[in-house]
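This briefing is for a reader who has not seen this structure before.

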Amino acid sequence: MDIQDFTKVGSEVSSQEVMLRKTYNLLAWSFVPCVLGAFAGMVFNPLLLLGNYWLILGVTFAFFYGMIFLIEKNRYSQKGAVLLMVFTFGMGIMLSPVLQYSGMFPNGSKLVALAAAMTAAVFFTMSALARKAQFNNNELGKFLSVGAIVVMVGVVANIFLQLPLLSLTLSGVFVVFSSLMITWQIRNIIDGGEDSHISAALSIFISIYNLFSSILRLLLAFSGNDD
């Protein structure tokens with residue numbers, strides 16, 4: 001089944017450039033349901049209907065990894081793009097608690113806007129780095145693979161320990177890790193190592209999502225406004 005192409009590119013550009021443009025376009029579209037999901041989550045707060053913390057956590061993990069599995073299974077079809085939109089809508093809902101929490105701060109809206117601006121700045125910087133800098137992307141990939149294991153261990157530990165300092169440390173680690181992931185994925189596309197713009201958009205979306213939420217948590221933690 002053919003995947004809808006949202007780009008209008010000519011035959012004179014390379015296949016890698018076509019792939020990158022298709023990835024960017026699908027990525028841009030993916031943030032529309034994410035914003036809608038965040039708004040819906042703030043209005044209806046469906047996570048609270050589950051009540052129990054462990055139930056919420058279980059549903060969150062099941063949705064996250066289950067949707068990634070389904071998207072990757074359909075990475076070459078239009079169904080994969082549709083599933084990506086469903087995934088980003090759900091991720092928007094999961095983002096709503098921290099957005100609601102930011103609303104408790106007198107300068108909460110400014111912190112959200114600042115986090116968004118900083119996320120955009122990091123994304124464009126890392127994208128430019130992926131295009132211009134000379135580095136071994138395979139070695140970066142190996143480093144990130146090890147880093148992902150370390151991060152997951154930290155996340156699991158924080159689920160049980162709930163230590164504020166560990167949470168802040170993880171947020172800082174996620175900022176660095178997600179930034180490098182953006183560079184690695186974009187460079188992977190440029191080098192011809194990715195053959196599905198759906199998979200690429202999924203990976204970059206998750207990195208941007210983690211980057212934004214981590215920056216926002218750090219800004220909220222150090223804002224000094226707890227009123």
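A polar contact is a pair of N or O atoms within 3.5 Å, and within protein one of the two must be able to donate a hydrogen and the other to accept it. For residues adjacent in sequence, such a pair counts only if both atoms are side-chain atoms. The side chains of Arg-75 and Tyr-76 make a polar contact at 2.5 Å. The model is predicted, and the points below are grouped by topic.

**The largest pocket**

- The largest pocket holds about 2,000 Å³ of space.
- Its lining is made up of 48 residues, and those nearest the centre of the pocket are Val-155, Phe-174, Asn-210, Ser-213 and Arg-217.
- Two or more lining residues come from each of α2 (53-73), α3 (78-102), α5 (137-161), α6 (164-190) and α7 (197-222).
- Helix α6 provides the largest share of this lining, with 11 residues.
- Sorted by class, the lining of the largest pocket has 32 nonpolar residues, 15 polar residues and one charged residue.

**The second largest pocket**

- The volume of the second largest pocket is about 360 Å³.
- This pocket is lined by 16 residues, and Phe-31, Ala-116, Thr-119, Ile-208 and Phe-212 are the closest to its centre.
- At least two residues of the lining come from each of α1 (15-44), α3, α4 (108-132) and α7.
- Helix α4 gives the most to this lining, namely six residues.
- The classes in the lining of the second largest pocket are 15 nonpolar, one polar and no charged residues.

**Aromatic rings**

- The structure has 10 aromatic pairs.
- In one of them, the ring centres of Tyr-24 and Phe-123 are 6.1 Å apart and the planes stand at 75 degrees, so the pair is edge-to-face.
- Tyr-24 belongs to helix α1 and Phe-123 to helix α4, so this pair ties together parts 99 residues apart in sequence.
- Tyr-24 is partly exposed, at 27% relative accessibility, whereas Phe-123 is buried, with a relative accessible area of 12%.
- Phe-123 also forms an edge-to-face pair with Phe-124, with 5.4 Å from centre to centre and 65 degrees between the planes.
- Phe-124 counts as exposed because its relative accessibility is 59%, and the cut-off for exposed is over 50%.
- A cluster linked by ring pairs contains Phe-31, Phe-61, Phe-63, Phe-64, Tyr-65, Phe-87, Phe-205 and Tyr-209.
- Phe-31, a member of that cluster, is also among the residues closest to the centre of the second largest pocket.
- Over the face of the Phe-135 ring lies Arg-187, at 4.6 Å from the ring centre.

**Single residues**

- Arg-75, the partner of Tyr-76 in the polar contact, sits in the loop between α2 and α3.
- The relative accessibility of Arg-75 is 16%, so this residue counts as buried, given that buried means under 20%.
- Met-126 is located in helix α4.
- Met-126 has a relative accessibility of 12% and therefore counts as buried.
- Met-126 and Arg-21 are 105 residues apart along the chain, and their C-alpha atoms are separated by 16 Å.

Definitions and conventions. Residues numbered from 1 in each chain as written. Predicted model: local features only at pLDDT ≥ 70, side-chain atom pairs only at ≥ 80, totals over all residues. Heavy atoms only, no water. 1 Å grid on protein atoms, 1.4 Å probe; cavity = no way out; pocket = protein on both sides within 12 Å on 5 of 7 lines; lining within 4 Å. Points joined across faces, edges and corners; volume = space filled by probe spheres on them. Helix = DSSP H or I, 4+ residues; strand = E, 2+ residues; numbered from the N terminus. Nonpolar A, V, L, I, M, F, W, Y, C, P; charged D, E, K, R; others polar. Phe/Tyr/Trp six-rings, centres within 6.5 Å; stacked < 30°, edge-to-face > 60°. Buried < 20%, exposed > 50% of the residue type's maximum accessible area, 1.4 Å probe, protein only. Lys NZ or Arg CZ within 6 Å of the ring centre and 35° of its normal.
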